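Reader: I would like to learn how to read the features of a structure with some care. Could you take me through this one step by step?

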Amino acid sequence: MAIHNKGSAHWKGDIKGEGTVSTGSGALREQPYGFGTRFEGKPGTNPEELIGAAHAACFSMALSLFLKEQGGYTADSIATTADVLLEKKGDGFAITRIALTSDVTVPGADKQKFDGIIQAAKANCPVSQVLNAEITLAYTLHT
């Protein structure tokens, strides 16, 4: 089974120009992005926060699947953030690290078993697999 999803971007000008990003679903429509939103804190989005949101969402869904399949658990809550680090590398920039932080409530979860499950979710989430950055994970489990 193959599923196609689309994102798009439109850009005008040089590196300090301006652009918009949109998603095929319409969740984002012509959301502004550019040098100012990426490096100067101006309103709008940037590629790194979009990757962070996608990674946090993918990881959370994967964790819910692994909890059920590997432990028979159902989470009451999975709240994940992804801190995406963009660093100067040579003449350009690179995403060098993504730190996932997840606060998870799973009634009755065994802490040792949970650790194996959450590490498997981090390693096997499709977004984790596509990114070539160091990906760390911190979590809090509530039982």
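Author: Let us begin with contacts, where contact means heavy atoms within 4.5 Å. Leaving aside its neighbours within four places in sequence, G44 is in contact with Q31, P32, T37 and E49. This is a predicted model, in which local features need pLDDT of at least 70 and side-chain atom pairs count only at pLDDT 80 or more, while totals for chains, interfaces and linings use all residues. Residues are numbered from 1 along each chain as its sequence is written, and side-chain values use heavy atoms, with hydrogens and water left out.

Reader: Where is the place of G44?

Author: Helices (H or I, at least four residues) and strands (E, at least two) are DSSP runs, numbered from the N terminus. By that reading, G44 belongs to the loop between helix 1 and helix 2. The C-alpha atoms of G44 and V21 are separated by 9.9 Å, although the two residues are 23 apart along the chain.

Reader: How does G44 count in terms of relative accessibility?

Author: Buried means under 20% relative accessible area, exposed over 50%, and partly exposed in between (1.4 Å probe, protein chains only). G44, at 31% relative accessibility, counts as partly exposed.

Reader: What are the elements of the protein, from the N terminus on?

Author: The secondary structure comes to 4 helices and 6 strands, and the elements run β-β-β-α-α-β-β-α-α-β from the N terminus on. The C-alpha trace spans about 55 × 35 × 30 Å along its principal axes. Of the 143 residues, 31% count as buried. Among contacts between residues at least 6 apart in sequence, 52% join residues at least 24 apart.

Reader: How should I read salt bridges, and what does the count come to?

Author: Side chains of opposite charge can pair when their charged atoms come close. A salt bridge is a side-chain nitrogen of Lys or Arg within 4 Å of a carboxyl oxygen of Asp or Glu, and by this rule the count comes to 3 salt bridges. In one of them, the side chains of R38 and E48 meet at 2.4 Å, N to O. R38 lies in helix 1 (residues 35–39) and E48 in helix 2 (residues 47–71), so the pair ties together parts that are 10 residues apart in sequence.

Reader: Are R38 and E48 buried or partly exposed?

Author: R38 is partly exposed, with a relative accessible area of 35%, whereas E48 counts as buried at 7% relative accessibility.

Reader: Which residues form the other salt bridges?

Author: K12 and E18 meet through their side chains in a salt bridge of 3.7 Å, N to O, and K12 is partly exposed, with a relative accessible area of 48%. K42 forms a salt bridge with E40, the closest N and O atoms being 3.5 Å apart. Here K42 counts as partly exposed at 49% relative accessibility, and E40 counts as partly exposed at 43%.

Reader: How do the axes of helix 2 and helix 3 cross?

Author: Axes are lines fitted to C-alpha atoms, for helices over the stretch in contact, and angles run from 0 to 180 degrees between N-to-C directions. The axes of helix 2 and helix 3 (residues 111–124) come within 9 Å and cross at roughly 135°. Angles under 35 degrees count as roughly parallel, over 145 as roughly antiparallel, 65 to 115 as roughly perpendicular and the rest as oblique, and helix 2 and helix 3 are therefore oblique to each other.

Reader: Which residues make the contact of helix 2 with helix 3?

Author: Helix 2 contributes F59, A62, L63, F66, L67, Q70 and G71, and helix 3 contributes K113, F114, I117, I118, A120, A121, K122 and N124. These residues divide into 10 nonpolar, 3 polar and 2 charged, where Ala, Val, Leu, Ile, Met, Phe, Trp, Tyr, Cys and Pro count as nonpolar, Asp, Glu, Lys and Arg as charged, and the others, Gly among them, as polar.

Reader: What does H55 touch, not counting residues up to four places away in sequence?

Author: H55, which has its place in helix 2, touches A82, I98, L100, C125, V127, S128, L131 and I135. At 0% relative accessibility, H55 counts as buried. S60 also lies in helix 2 and is buried, with a relative accessible area of 14%; leaving aside neighbours within four places in sequence, S60 is in contact with I78 and T80.
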